[in-house]
Amino acid sequence: MAKVLKDKLFGDSSKTGDLRLAVQLPEREDINEWLAVNTVDFFNQINLLYGSITEFCTPKSCPVMAAGPKYEYLWADGAKIKRPIKVSAPEYVDYLMTWVQDILDDESIFPSRVDVPFPRNFQSVVKNIFKRLFRVYAHIYYSHFEKIVTLGEEAHLNTCFKHFYYFIDEFDLVEKKEMIPLQDLIDNLTRPK
């Protein structure tokens, strides 16, 4: 994992500037290692992006975790909260970030040692994480995009989301139906220039 992490941090000069190439599995790299490193990376990135608008995403301004009027997200973690519940957007994101961090810290799912194998269900766990992280992007775009523009973060948000999208598309991590709320944006951002 150290080599992969080093390449992620310092870049591979042959892939610089092309996000579609940057997400591809490097030669001779283990798919689960690649998914693990990128899951941590994207989680941290989304945490920072959402952190920039937390003062505007309150239970009063966002009483429901939604991506526009058609898409509402309920929270359930399958352990503490088994039946999906309606929560405000900041509560949902707090539950989500805690849930993901707990998974990332679980050595039986995300082993830190190379001699410890990933569990058989690792890729399905990763898919569930990415599906839920996508919802944070959807909420930010639908509910806070004007504030993002005001803060001058539009280009950064778009680049982060484009990178995220290319990754989930490359490894088929999020079902197409889950991406419908942002499909127009996806088409626009990924359209060849």
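Select Leu 49 to begin; Leu 49 is found in helix H3. The model in your viewer is a predicted one. Is Leu 49 buried or exposed? Its relative accessible area is 5%, so Leu 49 is buried, as the cut-off for buried is under 20%. Now show its contacts. Setting aside residues up to four places away in sequence, Leu 49 touches Tyr 137, His 156, Leu 157 and Cys 160. For a distance check, pick the C-alpha atoms of Leu 49 and Leu 96. They are separated by 14 Å, and the two residues are 47 residues apart along the chain.

Move on to Tyr 137, one of the contacts of Leu 49. What does Tyr 137 touch? Not counting residues up to four places away in sequence, the list is Gln 45, Ile 46, Leu 49, Leu 157, Cys 160, Phe 161, Phe 164 and Leu 182.

**Stop three: H5 against H6**

Select H5 and H6. Their axes come within 11 Å and cross at roughly 160°. That makes H5 roughly antiparallel to H6, since angles over 145 degrees count that way. The crossing of H5 with H6 is left-handed. Now show the side chains. On the H5 side, pick Phe 130, Leu 133, Phe 134, Tyr 137, Ile 140, Tyr 141, Phe 145, Ile 148 and Val 149. They meet Glu 154, Leu 157, Asn 158, Cys 160, Phe 161, Phe 164, Phe 167 and Ile 168 in H6. The residues of this contact divide into 15 nonpolar, one polar and one charged.

Phe 122 is buried, with a relative accessible area of 1%. Leaving out residues up to four places away in sequence, Phe 122 touches Asn 32, Leu 35, Ala 36, Ile 109 and Phe 110. Next, compare positions with Tyr 166.

His 144 has 5% relative accessibility and counts as buried. Which residues are in contact with His 144, leaving aside its neighbours within four places in sequence? They are Ile 53, Phe 56, Cys 57, Cys 62 and His 139.

**Stop five: H3 against H4**

The axes of H3 and H4 come within 11 Å and cross at roughly 155°. This makes H3 roughly antiparallel to H4. Their crossing is left-handed. From H3, show Thr 39, Val 40, Phe 43, Ile 46, Asn 47 and Tyr 50. From H4, show the residues they meet: Ala 89, Pro 90, Val 93, Met 97, Val 100, Gln 101 and Leu 104. The tally for this contact is 10 nonpolar, three polar and no charged residues.

**Stop six: H6 against H7**

Select H6 and H7. How are their axes placed? They lie 10 Å apart, and the helices pack at an angle of about 95°. H6 and H7 are therefore roughly perpendicular to each other. Asn 158, Phe 161, Lys 162, Tyr 165 and Tyr 166 in H6 meet Leu 185, Ile 186, Leu 189 and Thr 190 in H7. Six nonpolar, two polar and one charged residue make up this contact.

**Last stop: two loops**

Select Asp 172, in the loop between H6 and H7. Asp 172 is not a glycine, yet its phi is positive, at about 50°. At 51% relative accessibility, Asp 172 counts as exposed.

Finish at Arg 28, in the loop between helix H2 (19–22) and H3. Arg 28 has a positive phi of about 60°, although it is not a glycine. Buried or exposed, what is Arg 28? Arg 28 is exposed, with a relative accessible area of 81%.

Key
Residues are numbered from 1 along each chain as its sequence is written. This is a predicted model: local features need pLDDT of at least 70, side-chain atom pairs count only at pLDDT 80 or more; totals for chains, interfaces and linings use all residues. Side-chain values use heavy atoms; hydrogens and water are left out. Contact means heavy atoms within 4.5 Å. Axes are lines fitted to C-alpha atoms, for helices over the stretch in contact, and angles run from 0 to 180 degrees between N-to-C directions. Helices (H or I, at least four residues) and strands (E, at least two) are DSSP runs, numbered from the N terminus. Angles under 35 degrees count as roughly parallel, over 145 as roughly antiparallel, 65 to 115 as roughly perpendicular and the rest as oblique. A crossing is left-handed if the near helix is turned anticlockwise from the far one by less than a right angle, and right-handed if clockwise. Ala, Val, Leu, Ile, Met, Phe, Trp, Tyr, Cys and Pro count as nonpolar, Asp, Glu, Lys and Arg as charged, and the others, Gly among them, as polar. Buried means under 20% relative accessible area, exposed over 50%, partly exposed in between (1.4 Å probe, protein chains only).
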